Amino acid sequence: MFRIIEIQLQNFGPYKGSQSIVLPRDPGVTIIYGENMRGKTSLLNAIRYALFGTILSRGSRNVAPKEIVNWESQEEGNYSFSVTLVFESGDSNYELTRQYRPKKSVDEPRTEDDYTEEVFLKKDGSIMGPDDQTQQISRVLPEQVSRFFLFDGELLQQYEELLIEESDMGRQIREAIERILGVPILKNGRADLVKLLEDAESQVSKAAQNSQLTSELGTQLETTQEQKRHLEKDLNKLIKDKETLEDDKIGIKAELDKIEATRSKIKEIEILEEQVEEIDSKIYTKNEELKDLMGHAWHVVLMDKINERRSILEQQEADIQDQRIEKSVAKKLAERFSEAISDETCPICRQEIDSEHKSHLDSEIDNINGMIKSDGGEFSNNLRYVTRAIEGLRSMEQSNPKMRISDKIFEIDTLKAEKATKEDRIREVKADIDTSEESRAARLIRENESTIGKISVKKEAIQEQREKVRIVKENIENLREQLNKVSGDELEDEKERSQLYQDLVRLFDKGVEKYRDELRDHVEQDASDIFVQLTTEPEYHELEINDNYGLSIVHESGDKITIRSSGAEHVVALALMGALQNNAPLKGPIIMDSPFGRLDEGHVRNIIETLPNLTENIVLLLHENELDIEDARNILKGKLKKEYSLQRVTARHTKLIAGGVTDV
Amino acid sequence: MNNNEPTDIIETLQDIRRTDYPEIPEEIVAKIVKAEYETIGERGQSRKYVSDIVEEYLEGE
């Protein structure tokens, strides 16, 4: 069991001066609380740096150590930093120190070349030699498996790759999983036995050459063995080349992902610029309309007069209409009078009309006709004129440009404001991007395509080479059988050795496959058990493992859940971590940075409850929004062994305080 | 599977040995696995250990 006892920091990242964290020896959980940017990830990096000399930023990219020196210390002229890890493994106590400082000849370091790094490891109080210390560290915690002990949410996300067949990242993770589970013990054993078998066969062929009876077969066997060695050497080189290319592909993809943000920003600028052009065109159109309106702006000045004139004309129109009605009535009356004179009878009372009344009616008729005739058509003309004039004035009033001009100006102002907002955003995004990255993206895309092509060529070559090796092996087998027949009791020792190695190689061959199958079964079972404890969805029944150790959620109906939320992904990854801890020969601490960011309260509670069962030494680097300190205490009770909080002194200086946030 | 020793690996190999390769001595298998486990970061060393284990057995026969 690898157990961290103490982490001592000197000017590492935000940890100015000498500071340390002492972890409890008793099994349990330590929680370190800190707001964002206070240095939680730096603590994870401090452990990583002490053990492996690497520091990772987001996206698992390496950070140059000189970037880690505390800024305030640098300003004070101190350019060094160091981390000391005190830990125990097996029955021994260790103290590992890695320090980074400027070379003696350098006063003010500027580049990585101005620095030097020193590492020393004390085992039970004695300093180990450089080779021994490297081996010891790699035995305590190989870097390739550190991802299962030191991780954050981002790293957990990568486990989804295991579900994708032929994924290069998946292959890398699968290899790391098999490493922690001990498969390399078997694979290394097989590799050693294969080499020793070759030596033993070589001894057989050499011994055979010494006897007249078997000399020819011995020579043939040696030549064929030599041929096999060459073919296998070439095959291994091809496999290695392919793996290097696959690793390159992962690197290219990571680079492309990194600049994907820039590419999307460039796209955003293009869209914004198009929108600004559209707005400009709208402003131009509106300005033209405004100009047109301004051509009628003089109407505004006359509007009162027009109004007044229209009222007068309307009055005139009403008067003319009244007169028209009056004349029409008079005309009708004159007609009735004429009828009455002609009938000599009153049309109303039906009495006879005498001559006096006739004369009076004639006179009235004359008056009316005189009045009607006196108009001479002027009446109708006047009315038409007045009506047209009113219509004209009304139309001028309706097209009153005052309102339309102010509407147009408002529309133009709105468009201008919209344009200014978009231009601000363009400036903001432009300031945020590195324009050289666009050409870099194009180069990376070309490299990616070329690498895919090269991988495909290597795969074909590997297949051909394997076939050649198979044929040569068959030849060796035939020669060996012939040699056995011909040699009789001769070469007994050599043949026995060779046979034993051959059996051992076959045993280890089968062993690798069987052990892998057993591991997958164990990991699947343990991960399922942990998952059921962690998930808040009662219908999720178990996890199902694939050849890559990728885990799918199985619903109680037996169906696999094909689309998983990021929260579910997180829980599955944690279940895998727990299962690997259970099944690995190597036991160690779990140190998690902001592990609950994507999870709801129910899942966080379940995980906190389950964590102490996964391993003895657990350190959680949390911000308070992830888990309230009171909740953590209530859930963990006696399993919570220690609390630390990261207290801000300045933006570049954080203090490690023993005690939870409420105790500070 | 909860230990710091490669006992599961040894057990897996012994199962296969018993069925398919009973002529391989039981103790050699365990010794080779332990040698590989203890020299996991030292490839050159592990081969020498394995060779010594086999030679020791052959000489002792």
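Start at the hairpin of β1(A) and β2(A), which has two residues between the strands. Select Gly13(A) in the turn: its phi is positive, about 55°. This is a predicted model, in which local features need pLDDT of at least 70, side-chain atom pairs count only at pLDDT 80 or more, and totals for chains, interfaces and linings use all residues. Residues are numbered from 1 along each chain as its sequence is written, while chains are lettered from A and ligands numbered from 1 in the order in which they are written. Strands (E, at least two residues) and helices (H or I, at least four) are DSSP runs, numbered from the N terminus.

Next, select residues 15-22 of chain A. This is β2(A), joined to β1(A) by six bridges and antiparallel to β1(A). Pairing requires at least two DSSP bridges between two strands. Pick Ile7(A); its partner in β2(A) is Ile21(A).

β4(A) pairs with β1(A), residues 2-12, in the antiparallel sense over eight bridges. Glu6(A) is bridged to Val86(A) there.

Move on to helices α13 (492-534) and α15 (601-614) of chain A. Their axes lie 8 Å apart, at an angle of about 130°. Axes are lines fitted to C-alpha atoms, for helices over the stretch in contact, and angles run from 0 to 180 degrees between N-to-C directions. Show Ile530(A), Gln533(A) and Leu534(A); they meet α15(A) residues including His603(A) and Thr610(A). Contact means C-beta atoms, placed from the backbone, within 7 Å.

Finish at chain B, where 29 residues contact 31 of chain A. Select α3(B): seven residues, the largest share of chain B's side, come from this helix.

Notes. Contact = placed C-beta atoms within 7 Å.
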